Every structure is written in structure tokens, then in C-alpha cells.
Amino acid sequence: MTSTAESADATNAFVRAVRVRLGEPRTWTRHDRFHDSLALCIIDAVQSTAAQYDKSVLTVDRYRAYRCAQGVEDVVDGARDLLRTFEQVGGSLVWSGKVGRYKMPYGDANAVRAMAIQDAAERLRGFGVDTVEDLRAAAHDPERHRALRDAWLSASSATDEVNWAYLLMLAGAPGVLPGSLTTSFAADALGIAHASDVPGPRKVHALVAAAADAIGTTPVELEHAVWRWELNRVSPAAIPYAAAAPLAAA
């Protein structure tokens with residue numbers, strides 16, 4: 001088999017894995033939605049553990065639609081803004097249907113983890129974290145970082161350390177090395193079992209570019225979808241943290 005044929009086979013295998021695991025690009029959450037809104041980060045991070053891969057974007061979109069209906073065109077809400085929506089509708093039980101499934105007549109409102117979303121927002125607020133900028137700043141302080149991580153993990157129906165890493169990634173905070181997640185995805189998609197055979201950065205970049213073109217999206221959006229998928233399936237020990245990440249110093 002020629003190297004060209006091998007390359008084509010690898011590309012086809014990667015594209016196939018993307019289609020099967022990630023679904024259609026229209027169901028993905030755009031990467032740039034979160035970097036200005038801690039509220040969206042909280043909702044998506046909590047909801048990402050609730051059901052299938054594409055369900056978390058639904059709640060984020062419904063929240064954005066609810067806020068837009070209130071006259072907020074550019075949703076850059078912080079934790080306090082998010083908590084205010086719970087106050088407006090009368091608590092987490094009503095929030096599930098009235099905000100989490102805004103203008104959606106069908107479906108199970110119980111799939112919206114409203115209580116956990118509210119609890120997580122309250123705990124972050126309790127540490128003075130209201131915006132993504134606050135969270136990013138705290139990530140540079142090992143002591144504050146550990147305290148915030150513990151608060152997040154102890155939230156009502158909180159998930160595990162993988163989900164904390166996911167929240168940091170959504171907010172654009174330091175600590176996770178997302179490029180390694182793409183490499184892990186590629187190695188698994190290609191059926192690579194030995195570390196010595198794992199594709200290098202240039203090969204992974206080429207696979208992402210080819211797959212993005214094949215499914216009609218951009219490499220940036222595809223890679224973000226890959227990171228989200230990987231962070232929602234790996235064990236905490238497998239998260240590729242930066243060497244000096246405060247999270248590793250717990």
C-alpha cells in the first residue's frame with residue numbers, strides 16, 4: 001500500500017469517527033459562545049453530563065433565546081445574571097421548563113439539571129467569581145483554584161474532576177492542554193494501540209483540516225467539538241493538564 005493510500009485511509013477513518021461520535025456540525029456549540037459568558041459555561045458544563053453529547057447545546061441555546069426575549073441581544077451573562085433568571089421564574093423546578101426548555105412544547109424538563117446549575121452558580125459566586133475573567137484570574141492562584149474546584153465538585157449533583165476541567169476549557173482558563181485531546185481522539189479513531197505510533201502534531205492538524213472540509217465546518221469548530229467529546233468521556237487521570245497547572249497540586 002502506498003503512503004498516499006495509507007494517508008487516504010487514515011483521513012477516511014478520522015472523518016468517519018467524527019461523523020459517528022460528534023454528529024452534525026449544526027448541533028455543536030460554537031467555541032466563541034463561552035469565552036465572554038460564565039453563565040453559558042456553567043450551563044453547558046453541568047448539562048454536558050446529563051445525557052447524549054448533543055443535549056448540552058440545547059439548554060445553552062434555550063437560555064440564550066430566553067435572555068434574547070428579554071431584550072439581551074448579546075448574552076454575556078455572569079453567574080449573578082444566571083441566578084437572577086432563577087429568581088425571576090421562582091426556582092429551579094420552574095426554570096427547567098420555562099428557561100431550560102424555553103418555547104419547546106415537547107420533551108422532558110427533568111433532563112435539564114437546573115438544581116445543579118443553580119447550585120454551581122451560587123458556589124462560584126460565594127467565592128467572588130461572577131465572570132469568566134474572574135475564573136481565569138483564579139486559575140493563576142493555586143489556593144483559590146483548589147477552593148473553587150472543590151466548591152464546584154461539591155455542588156448539588158456535581159460531576160467529577162473531568163467536568164471541572166471542561167468548565168475551565170469553556171472559559172478559556174489555563175490548565176488543560178487541548179491539543180493532546182485532539183491527538184487522543186485521532187489515535188483512537190485510527191485504531192492506534194501503541195504510543196510510538198501516535199500521529200504527530202502535523203499529521204493531526206492535517207486530519208482535522210481534511211475532516212473539517214469533508215463535513216462542512218472549520219478546523220477551529222471541529223477541534224473544539226473534539227475537545228468537548230474527549231473531556232466528557234475520559235477518566236480524571238487521563239486529562240492532559242499543563243505541567244504547572246494548579247489543579248494538579250491538590
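A: Begin with the surface. Accessible areas come from the Shrake-Rupley method with a 1.4 Å probe, and for residues only the protein chains shown count as cover. Here the protein exposes about 11,700 Å², of which carbon and sulfur atoms supply 51%. This is a predicted model, in which local features need pLDDT of at least 70, side-chain atom pairs count only at pLDDT 80 or more, and totals for chains, interfaces and linings use all residues. Residues are numbered from 1 along each chain as its sequence is written, and side-chain values use heavy atoms, with hydrogens and water left out.

Q: How many helices and strands does the protein have?

A: Helices (H or I, at least four residues) and strands (E, at least two) are DSSP runs, numbered from the N terminus. The protein has twelve helices and zero strands.

Q: What percentage of the residues is buried?

A: Buried means under 20% relative accessible area, exposed over 50%, and partly exposed in between (1.4 Å probe, protein chains only). Of the 250 residues in the protein, 46% are buried.

Q: Why is H2 described as largely enclosed by the rest of the structure?

A: Ten of the ten residues of H2 are buried, so the helix is largely enclosed by the rest of the structure. Among them are Cys41, Asp44 and Gln47.

Q: Which residues of the largest nonpolar core touch the most other members?

A: A nonpolar core is a set of buried Ala, Val, Leu, Ile, Met, Phe, Trp, Tyr and Cys residues joined through side-chain atoms within 4.5 Å. The largest one has 66 residues, and Phe14, Ile42, Leu82, Trp95 and Leu222 touch the most other members. Helix H2 (residues 38–47) gives the most to this core, with eight residues.

Q: What does Trp95 touch, not counting residues up to four places away in sequence?

A: Contact means heavy atoms within 4.5 Å. The residues that Trp95 touches include Ile43, Tyr63, Leu82, Phe86, Val112 and Ile117.

Q: Is Ser92 buried or exposed?

A: Ser92, in helix H5 (residues 92–98), counts as buried at 15% relative accessibility. Leaving aside neighbours within four places in sequence, Ser92 is in contact with Phe86, Ala114, Met115 and Gln118. Ser92 and Gln118 are 26 residues apart along the chain, with their C-alpha atoms separated by 7.1 Å.

Q: What percentage of the contacts with a separation of 6 or more joins residues 24 or more positions apart?

A: Such residues account for 72% of those contacts in the protein.
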